[in-house]
Structure formats: structure tokens, C-alpha cells
Amino acid sequence: MRMKLRKQVTVCGGAIFCVAVFSLYLMLDRVQHDPARRQNGGNFPRSQISVLQNRIEQLEQLLEENHQIISHIKDSVMELTDTGAVSPSGHLPFRSANGSWVLPFDGRPTFLAVKPQDCQPALGSHGQADVQMLDVYSILKFDNPDGGVWKQGFDITYEPDEWDSEQLQVFVVPHSHNDPGWIKTFDKYFTDQTQHILNNMVVKLAEDPRRKFIWSEISFFSKWWETADVHKQEAMRKLILGGQLEIVTGGWVMTDEANVHYFAMIDQLIEGHQWMERNLGITPRSGWAVDPFGHSATMSYLLKRANLTSMLIQRVHYSIKKHFASTRSLEFMWRQAWDTGSNTDIFCHMMPFYSYDVPHTCGPDPKVCCQFDFKRLPGGRINCPWKVPPKTVVDANIAERANLLLDQYRKKSKLYRSKVLLVPLGDDFRYDKALEWDQQFMNYQKLFDYMNSHPEMHVQAQFGTLTEYFNAVYKARGVAQGSRPADYPVISGDFFAYADREDHYWTGYFTSRPFYKSLDRVIESHLRGAEILYSLAVANARHVGMDGRYPVSDYALLVDARQSVGLFQHHDAITGTAKENVVTDYGTRLLRSLIGLKRVIINAAHFLVMKNKEFYRFYQTEYCPQTSFISSSSDLSPSSPIPLLIFLLSTRYLVLFNPIEHERLCVVTVLVNTVRVRVLTEDGQTLPVQLSAQWSSASQMSAEATFMVRLPPLGLAVFHLYDSPDSPMTLRSDTLLRQSGRGVTSRAADPLPVRSQPSDPQTFYISSQSLTLGFSGDTGLLEVCRKDDPQEVKVQMQFIVYGTRPSKDKSGAYLFLPDGKAKPYNQKEPPVVRVVEGPLFSEVVAHYQHFQQTIRIHNVPGVDGLSIDFTTMVDIRDQTNKELAMRLDTDIQSGDVFYTDLNGFQMQPRRHFLKLPLQANFYPMPSQAYIQDSHHRLTLHTAQSLGVTSLESGQLEVIMDRRLMQDDNRGLGQGLKDNKKTTNRFRLLLERRSMGNKMMDSATTSFPSILSHMTNYFLNHKVLALPVLPKRRGIPPLQTFAPLKSNLPCDFHLLNLRSIQSQDPHSPSPYTALILHRLALDCDLDAPNLGFNCTTTQGQLSVSGLFKNLDLQLLQPMSLTLMHASTPLANESTISLDPMEISAFKLKLR
């Protein structure tokens, strides 16, 4: 008995992200129709276009056939007893006196029991660090005087006898920076350059044991490894084990640090480290991040948790580099702001100069350093812009050359506290020709030999790896590896925003290509969900002795998705700073992975909800890989569900997956083909349903059915939909169109009528039991918010537009260079505003020319009903050099302070500085930003990374999309012209400070409340709906799958439950990685009912008591990336996590 399943992504909380099969035209709309593109020569091979065209035609054809998605949760169903149209509590929905709906509800009492010890004291014992980055910002002038040869620095002098007692130790570290996609695609770079670099490396390093090299990107290294023969692999392994080649960081990519979410940062690090462990048997010691555009404290924490001892960073604001250089603080211990001890300290080296290329790494004078980049010898392709070329080192000039270079080394070394010096030697895609290996290594070796044989020079110079350099520093200072040398400073904070010269702030890339930033998060949520369900399915199959019958081949799909998501975390991918065809390539990979992940989720769900596992069959052949699960229509309301109709010709079953580790009470919306719909729970209880219209064209309408569900943590719940005459539990939305006076007509009659009225300037309201929102009669946008009390809080929403400068330097993919303050967004016609009200949700949709704003509130108890769900569909494809922003204006007295998150992991206080240009006050917002005063906190939660700021007290402002017609001179050679119709999703949460506590957060740390954390999970991990297609022969019984035996403490987040690789990369071992994050909580905000039982345990958790029907056979603490194991614990042990701690454990479940 096989069956097809229509797959559909729905939202918990109503809002849906219409990824729009990559807008379906993703790959083509700009390529085909952009005339400017053709004049550029287009560098987009015709063959690639035809392949993409075929793929798109296939997708469109499949979507045409009524979005029929082929798949295989087979044969499923429940035995249902229909108890008639009675709600769980025996009451029908009714409207209360104030007009808000009161719903029947299962009435289960829930409680919140957060122990005071589990709250972060607002003032804590912080202030342990010597230097807070926020203080550095306060004291610096951010002026830019001419520093001489080191333009952005100062003149460096030294006394010739400074090294007499302790000679200078110089480590020259050859490297090649390989971007996994930027100007060319990942594969094209590999074919054209990277494979040659690695092939030459094997030969050239072996020629002289004194030669060294470092390599960072495992995505490229693993691709080379797979194509190399066994002799090359052996030779490479020998170079690594012999210490000539060091793998630094060892992530899948050198990740961006601004827009990425910590789930993906960790995942790409695990992917790289697991590959190294399997193929090379080595562990990385040092981090190397020379190209990300600003640096996050989250990265230093993750490297520390992965057992790295040291790290290096490069792209930091030039004024901060100068300040750190002048105080000799370029090497420091980087500590997390929330750390009350020194557990999170990691030794960090900051490079002092403008770039990581050779002219900016040997010392302060690029004109001199360029003469020691021997690839630039006369006759080559590249030369020195300072007009003095390198010279081959020969006996006649060696004394002069060596002394000239040593002078630079000495000057650079004066910026550091030890007599050990790091000199990187490399640049983008260097060392791809054998000639360059000879030019660099032979000339430098001559210089080293000369220096080392002249004791009066007091220098010992050699090639080295990064870790050799760090170890020499530790040895010189007499401390253990990774320990803090005496008198080295401790620093807390981060290094955003980055400026490389003048007022050129790299704050545009916080928003560039928001379509892909959104897509990335949707796929991350699917990846996490698929990992968890797959691990649970495999463990449950083992438990019932069905190991052989479960499709472990799905593991290859997980690996593919891990690597596609990992690749996209690269600092030219998620940043939106690659060429258009490269962006398309990333998108195609992500889409392929999403399709694979759907399949993994469906196979696992199919197995886990079967009541009798003996009925389970798996047919490999039934899967059709070309299908897509995403809406093809991006014109639908963005908060509406995916238009895959559930045809209620007969009883239909719907399986809902809750990817959150806590019980979830929320609304779910599905599309149905009839207004006569009833929804029953597994045990036959009828649920209240709200029906509303879903327009696919002016005349075609289907119905949206919205109902409230309670879903088990990480569980799969089974529901029953069927076509039945009107039930008192099925209520229709009241829809009103507000338009300007002319031509007011109603589009639809029965069965879901729409009323129309001319708009007027009066404020109008929608309300639920928890919230009342007021909207401007003119704009249809939010104006005020009231929560449970009579006091209204102004939350005025407006849209504004930034232009770019008239001068030669204009905004581009990286830079934000606005032409002054933003101007209000104006359009001639007043907007059409649609107001929908009903028992489960009410919403206001304002239609403007370049965006459509949907603001929705849910009338349900708990998390889902306490915040405002809003979605902005943006389309600025007809604009030139414009950036659309949304501003929230409130009466919160926030002053110049606001808070943004770093990577969804921690909050970082920010200050708006008038001494800085407008664009310098923007920061990345991967998951949330808030403003607060002694009465309220207003948090904007986001489902995609965007740039955010607060330019006035009480304001939050977010850049929604940017369309820029020119390059900004950072090497890309293109503007941003491939905009898509993009849906940005948010939740707005207004919280009251407890009256008893007027204490504000400390200057250095701040934490979200438990409600805020949960709101973020609801937004970022939507409920996935898996409709089941019935078969003629009936269906064996299905039952809800609830994997947890006991509730997780509500300050624990299950970051991942990841099947660990075996020696065969395409099949899993019997082990699973459990990665947990303990949240830090601010308890000084009013704690409402969350809709589930929330308790904390002071960080204690019994893993053996966690999973139902599974035996725990191993519990072993591991380093974050699973490379370092601690002694296994007794299986019954309780594990313990501190607030903010992320820990990994190796489990064996069966």
C-alpha cells in the first residue's frame, strides 16, 4: 500500500514564508531580461542558462498539475471516533462584551516556575574584562589623520639595540585565501585555480622540509581529496602530519560573522572537523579569519568550545586597529561579556594593517612590503602600484634587501608585546602556479639564510605555520598553550561595524539580497528538523529491531544539506556580495537540499507515526526528485499558507511536526478546497476553525482554514480534516476592504463575503484577548499597541527610503553610503487596506506599490498570542539606487542605547554615536533587536538577518531591501540588481518591566526574557504540515509521536540531535550528537502564561530520562565539534550547564 503525500510548509502563528520556488524565476529573471547584463558580456554560460531553463520548466509543469507533490508517507491514518461538534471544553466560541472572541480551550492549566537562581542578575559580576569595546567606541575620535607611510596609523620608530638581549623571532606564514564562490562559482574556482594550488602544494612543499603553508577551507580541500589518487592523498597526509601544512580553523568555509545564525556557524564547523577527523585524523589548533567583514564574539566562543587555543582576525575598523596598535593591545584574551570568570578566554591576534595581502603584512610601509611579493617580479601579470618592483634576491643585493625587510619586521613587531612576529605571505587564490612557489619560497629562503647567519642582525627568521607562531609566543612568555601571558589585556565585545577607509562602512551587506538571507533560515530550520527526526527514527527502528528496514540512505541527503548550508555561510554568500550567477548557484544548491530534507522529514515522520511498525514499507523508487514543495505564487498574501490545496473529497489526515523542544500551543493554517471543513484531533475532539478567503486571482478563491493546536515537543501530531455541513465550531472571518472613495466594489459574494467601505482618517482597531492594536486610517499601518492594561504604548510604523550619494563613492553590495537622512516613502494613491477579524486571528493588510504589510494577532493563550506577527512583502525591482526601510517610532525613553543580537546567540548593547556618520550606526540583526526603558522593552524578532539601527530615542529601524546600480569598488564588479519579490517576517513583542524592579541592564550585558526566547523559536521554527493522501485500500492506524518522556527545562534549547558519521561518509554510525544551549534569562520583565509548563532546574538535566521508548547506552561529553572526548558518564548521570553554555554529548540510543 503506497501513497502519495502532498507536502506543504505551514506556519505556526499563521505567517508563511513564500519562498516561491525560488520565485521560480530566480535563476532567470535578471539574466534573461536585464539588458545591462548583456552589455557586460554577462559571464553566464549559455549552457548553464539552458540547464536552468529546463529545470524551471520542469518545476513549473509540476506546479501546474495542481501542485501535485509526489512522495511517500504511505498508508497512514488513525482510528477516529467522531464525538460530534463538541469542543474540548464543551463550549462554543463566543464574542465578549468588548468584541474580542473567547475560545473554547482544552483548559489545561499551565505554570511558569523559573527559579530566581536561573535568572541573570541585571548587574551580575561583569566588568571582568580590562577593555569593553563599547568604551573604546566612546573614547575614540574616529578622525582620520594622515599617518605617513602607514596611512591610517602612525610613524613607528625603534632603537637599534632593542633586540640585543632577546632576538626577534619571525614566522613567515604562506597562505592562499580561497573563496568558495565570489566572482566565480565554487566549482569554477576549483577547476580554474584551487585544484592547481593543492596539486602544486603536494609537490612543492615536499621539495624542502623548511617550507610551510596553511589552509583553511575544508569545502575545497575535501573536493580536491575526492578527486586525488591515493598517492597524492598519502603525500598530503604526510605533509600535514609532518607539520609542513597546517589546517587552520577547519570549518567547511571561513564563515561570515554578521548575518549567520549560530546553529549554522556550529554546523559548518562540525562538518569541516568531522571531515578532518575521518580523512586526516587531526584536530585544528588555531583559528584564521582574514576576510569576514567584521568579527563577532560568538565566533571566539565557538572556537574555544571546539578546543582551539588561539585565533586571528583581520577586518576591524581602521581607527580601532590604530588604537589597539598604540596601546600594544593587538594580542589579547577575548572574553565573553557575560562570563563572570575566565572560562571563555581565547588568545586572539589582530592583524594591524589595511589588508591581508603581501604589501600590508610585512610592516607599515606597503611600498616596501610590495617589493617582497615575488609574484610581482617584472614580467608577471601583476605589479606594485607604488611603482617600485620586487627584485630577485642575488648575492649582490642580498645585504640591502635583508636589511630593508628587517626594518619593516622590526617596526611591525613594535606594535606587539612579545619579540615573536607573525608575517603572513599570501593573497586571494595565490600559489596556483609552480613558478610562484619557486619565486616566493626560494627568494625568502635566501633572505632567511642571510639574516640567520648574521648574528649582529639579532633575528631568527623562518617559514612557519600559524600554530608554530602562537606556540612561540606562549613559550617566549613562559605560559601554557592558550593561557594568558602576564600583562596581556582582556577584551570583551565585538568588532562591528567595519570600515576599511574614510567613512566607507561595510553595513550594506547586513541586508544585501534579503531573499537569500530568508531562504537560508528556512533551510536551516528544515535541516535541524530533519536531523532530529532522522536520529529519532533510526534510534526507534533499532529499538524495535528494524534497523535493516529503515532507509539509512537518507543520511546522504542530510550530508548534502549540511554541506550546502555550510557553503552558504561563506563570507561572500549569505552576505549577498557575490556575482549574480554565483548567487544563483548557491540558490540552486539550497533548493536541491530543501527537496532532500523534505524527503528525510517525510520518511522519518512516516515511520514514527505508524501505530504498528510492521506495516512500514519503504520504496526507494517512489520518490520523484524534481518536485518542489514551495509555492509558485509569490503574489499571494505573504502571511497566507502555501497554495497546495488539501482536497477534502474524503477524510484527510494531516500530520503536524513541531520542531521546538517544548510543547507548543499555536494556530496553524492550511488551504482547503471547500468552506465546509471540520478539524478533529486524534481522539475525535472537534477544534474551532476560522475560515478566511485566499485569493489566487480576481475570480478564483480557495479557503484558508486556521485552527488552534497543542503539539508535543519535537513531536508529530495527527489530525483529521473532513468535508462536513456547517459545524458551530467552524466560523467565518469578517473581511472589510478599506479603499479611497472611488470604485468601491466587493470582489466576492458567498461563501466568504467581503465588505467594502471608503477609508477615513480615524484610527481603527483589531483586538485579541491579550492585545489591542490601533492602525492609522490613512496609512493602514500600526500606530498603537495595548497589552492587558488601559495604557496605550505608541508603536508607530512608517516606511522610509534612503538614496545614495551623488559623488563617485556610492552604496553597493558591501557599503552603505546614504545621501543623508531617510525620506518618507510616498505614493500618489492611498493604500488599499484589508481588515480580517475572527475568533482565532485578526489581521490588517496594507497594499502599497512597493510593499505589502500584513499585521496579524492570534487569539490564543500563551506565546503565540502575546506578540504581533507581521510580514512585509517587498518588491523594489523598478527602483534605482534606493533602499527601503521600516521604522518603528515609540515613546520608550531608550536614549542612545539599543540592543542587537550576535548570531542569534547573545545580545550586544549598542550606542548611537552622533560623532559617527549615519551608516556607522547600523548593526547586523540576525534574530532580534530591542529598545527599553524602566517601564517597557520592545523587541523586534526577525526570521532573516537584516541591518538595524536606532537613530533617535524610542526608534528601531530596519533596512528591508536595497537596489543599487553600481559596484562599490571592493572587487565584486557588480551592483545589486537581481532583487526578488521578498517576504521579510517578524514578531514584535512589547513587554512590561516588573513594577518592583526598575533596575536597568548593565552596560555590557543584557538578556531576553523566557517569553522573548520562545517567541523567537516560534518565528524561526515553523510547524511543518504533512498532508496524507488516502489510498483505496484504506490506511493502517496512525498515532501521535511524542518522543520526550519528560519536559526539557525551559531554559534549555536543543540546538541539534545530529547523527554522527561512520567511516563511510554516506552512512551514519550508531552514535548521535546531542548539542544543548542553556539560555540566559532576564526575569525582570512580566512573565505571562506561556501556554506550556515551564520550569527550570539550575542547569541540571537527566539525559537517560529524556527520550521515551529508547535506551541510552552511552553518554559522553565532547568538545563542540566532537573531536575531543571526555570520559563517558554513567548513563543515569545528570548533566549540568551554566547559563549561555553550549555543550555537546555523544549518545548511543536504541
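Modeller: Accessible areas here come from the Shrake-Rupley method with a 1.4 Å probe, and for residues only the protein chains shown count as cover. By that method the chain exposes about 37200 Å², of which carbon and sulfur atoms supply 50%. This is a predicted model, in which local features need pLDDT of at least 70 and side-chain atom pairs count only at pLDDT 80 or more, while totals for chains, interfaces and linings use all residues. Residues are numbered from 1 along each chain as its sequence is written, and side-chain values use heavy atoms, with hydrogens and water left out.

The pLDDT, the predictor's confidence in each residue on a scale from 0 to 100, has a mean of 87 over the chain, and 85% of the residues reach 70 or more. Over residues 1-53, however, the pLDDT is below 50, although this stretch has 195 contacts beyond near neighbours in sequence, a contact meaning heavy atoms within 4.5 Å. Residues 619-644 also have a pLDDT below 50, with 99 contacts beyond near neighbours.

Of the 1150 residues, 67% count as buried, where buried means under 20% relative accessible area, exposed over 50% and partly exposed in between (1.4 Å probe, protein chains only). The chain holds 19 helices and 51 strands; these are DSSP runs numbered from the N terminus, helices being H or I with at least four residues and strands E with at least two.

Cys370 has a relative accessibility of 0% and counts as buried, as does Cys384 with its 6%.

Cys1050 and Cys1094 are joined with their sulfur atoms 1.9 Å apart, and here the torsion is about 60°, so the disulfide is right-handed. This pair links distant parts of the chain, since Cys1050 sits in the loop between strand E44 (1024-1028) and strand E45 (1052-1061) while Cys1094 belongs to strand E47 (residues 1094-1095), 44 residues apart. Cys1050 is buried at 1% relative accessible area, and Cys1094 is buried at 0%.

A nonpolar core is a set of buried Ala, Val, Leu, Ile, Met, Phe, Trp, Tyr and Cys residues joined through side-chain atoms within 4.5 Å. The largest such core has 254 residues, and Phe221 and Tyr409 have the most contacts inside it. Tyr409 touches Cys362, and its other contacts, not counting residues up to four places away in sequence, include Leu168, Val170, Tyr444 and Phe448. A second, separate core of 39 residues includes Cys1094, together with Val675, Phe719 and Leu1079.

Phe719 of that second core falls within strand E22 (residues 716-723), which pairs with E18 in the antiparallel sense over four bridges; two strands pair if DSSP finds at least two bridges between them. Strand E18 (residues 677-680) is covered on both faces, with Val677 and Val679 buried on one side and Arg678 and Leu680 buried on the other. Val679 stands opposite Leu721 in E22, and its bridge partner in E19 is Leu687. E18 and strand E19 (residues 686-687) run antiparallel and are joined by two bridges. In their hairpin, which has five residues between the strands, Gly684 takes a positive phi near 90°.

Note on methods: A disulfide is a pair of cysteine sulfur atoms within 2.5 Å.
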